[in-house]
Amino acid sequence: MIYRTFVPPPPFDRYIENLWYWEGDDPGHAKDTIMASGRLGIQINLKREGLFWYDGERYGRRNELCGIALCGAHSRSFAIDAFQANNMGVQFKPGGAAAFFGGSARDFENAHVSLRDLWGSEADGVHQQLVEEPLPERKIELLFRTMARRYRERTRHPAVEVALDCFARPPHCVSVGSAAQKAEVSSKKLIRLFAEEVGMTPKTYLRVSRFQRVLARVHMAQSIDWMEEVERHGYYDQPHFVREFREFSGFTPTEYFRLRGPYLQHVPLTG
């Protein structure tokens, strides 16, 4: 296995979490479930012309994209092929994708979009160059240069910046109303601005972020006291926690704990 990441220099580090490169072996199962996430990202298949993702009953419906695609912010899970021989991509920070795509991130909510539909023939040309370049470091450099060419300075609205800062601070119990008050805008305006820039409403973002914090705590744990997690993360009660967990992962907490694999956002589907 080869896994590399690259954090871009300023000003791009305000918008991009990292660029990444992956080479892996067959894990021995067909699909992985991907958890809900408030982040947008670019995915690139370096070995095949297409990318596939799955939804529907038991993730039985296959959807095909071109080999370079954008995955929007998701409030529900989906599945991908578990064997990803050679991929790379870009992980954006919340609200960061607009500097490279323009428009509203809400257009990509719970969506997968071929970059050909957004960048035209340039997407196919970039994909081909990345496939042909033999060295991982050069692939990352080439992808970064592509992102730099697409960059158009677009700072987040100050109210969105304030809200993201509030939502990121422990103990993570701030409300949308209190964030709007701190940002000196109405709650209605904050909801509209936040959804346009981040790709989901602030309430959904807070719920997904709380779920992600739970995942980070339990993923590598040897044993779990679920009631402790309910209280630690501010759920009303255990049924509320189970409903939220199932909504964002497709599993109950105990199912997740039994099936979890080595990677935080992935759950192997062996059936």
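Which residues are buried in H10? I began my notebook with this, keeping in mind that I was looking at a predicted model.

**Entry 1: helix H10**

I looked along H10 and found that His 240, Phe 241, Glu 244, Phe 245, Phe 248 and Ser 249 are buried. Looking down the axis of H10, I saw that these buried residues fall within an arc of 135°, so they line one face of the helix. I then asked what this face packs against, and noted strand E3 (31-34), helix H8 (202-218), helix H9 (226-232) and helix H11 (253-259) as the partners of the buried residues of H10.

I also checked the length of H10, which runs over residues 238-249: at 1.5 Å a residue its 12 residues should span 16 Å, and because the end C-alpha atoms are 16 Å apart, the model agrees with that expectation. At the start of H10, I found a side-chain oxygen of Asp 237 that comes to within 2.9 Å of the backbone nitrogen of His 240. Just past the other end, Gly 250 has a positive phi of about 90°.

**Entry 2: His 240**

I stayed with His 240, which belongs to helix H10. Its relative accessibility is 9%, and since buried means under 20%, I wrote it down as buried. The side chain of His 240 reaches the backbone nitrogen of Tyr 236 at 3.0 Å. When I set aside the neighbours within four places in sequence, I found His 240 in contact with Arg 210 and Tyr 235.

**Entry 3: H8 against H10**

At what angle do H8 and H10 pack? I noted an angle of about 95°, with the two axes 10 Å apart. The range that counts as roughly perpendicular is 65 to 115 degrees, and H8 and H10 are therefore roughly perpendicular to each other. On the H8 side of this meeting I listed Arg 207, Val 208, Arg 210, Phe 211, Val 214 and Leu 215, while the residues they meet in H10 include Phe 241, Phe 245 and Glu 247.

**Entry 4: Ser 75, in a loop**

I next looked up Ser 75, which sits in the loop between E7 and strand E8 (78-81). Is Ser 75 buried or exposed? At 14% relative accessibility, Ser 75 counts as buried. Leaving aside neighbours within four places in sequence, its contacts include Val 208, Glu 247 and Phe 248, and also Ala 36, Asn 110, Met 200 and Thr 204.

I turned to helix H7 (residues 187-198), whose 12 residues reach 16 Å from the first C-alpha to the last, close to the 16 Å expected at 1.5 Å a residue. Its buried residues are Leu 190, Leu 193, Phe 194, Ala 195, Glu 197 and Val 198, and I found them packed against helix H5 (158-168), H6 and H8. Just after H7, Gly 199 takes a positive phi of about 105°.

From H6 (residues 176-183) I picked out Ala 180, which is buried with a relative accessible area of 1%. Not counting residues up to four places away in sequence, Ala 180 touches Val 185, Ser 186, Ser 187 and Leu 190.

I closed with helix H3 (residues 121-132), which has 12 residues and reaches 17 Å from end to end between C-alpha atoms, close to the 16 Å expected. In H3, the buried residues are Ala 123, Val 126, His 127 and Leu 130. Seen down the axis of H3, they fall within an arc of 100°, so they line one face of the helix. The face turned away from this buried side carries the exposed residues Ser 121 and Glu 132. Among the elements that the buried residues of H3 pack against, I noted strand E9 (86-92) and helix H4 (136-150).

Asp 124 is also found in H3, but I recorded it as partly exposed, with a relative accessible area of 30%. A polar contact of 3.1 Å joins its side chain to that of Arg 116.

How values were computed: Residues numbered from 1 in each chain as written. Predicted model: local features only at pLDDT ≥ 70, side-chain atom pairs only at ≥ 80, totals over all residues. Heavy atoms only, no water. Helix = DSSP H or I, 4+ residues; strand = E, 2+ residues; numbered from the N terminus. Expected span 1.5 Å × (residues − 1). Buried < 20%, exposed > 50% of the residue type's maximum accessible area, 1.4 Å probe, protein only. Arc of directions from axis to C-beta. Contact = heavy atoms within 4.5 Å. Polar contact = N/O pair within 3.5 Å; in protein donor to acceptor, adjacent residues only side chain to side chain. Axes fitted to C-alpha atoms, helices over the stretch in contact; angles between N-to-C directions. Parallel < 35°, antiparallel > 145°, perpendicular 65-115°, else oblique.
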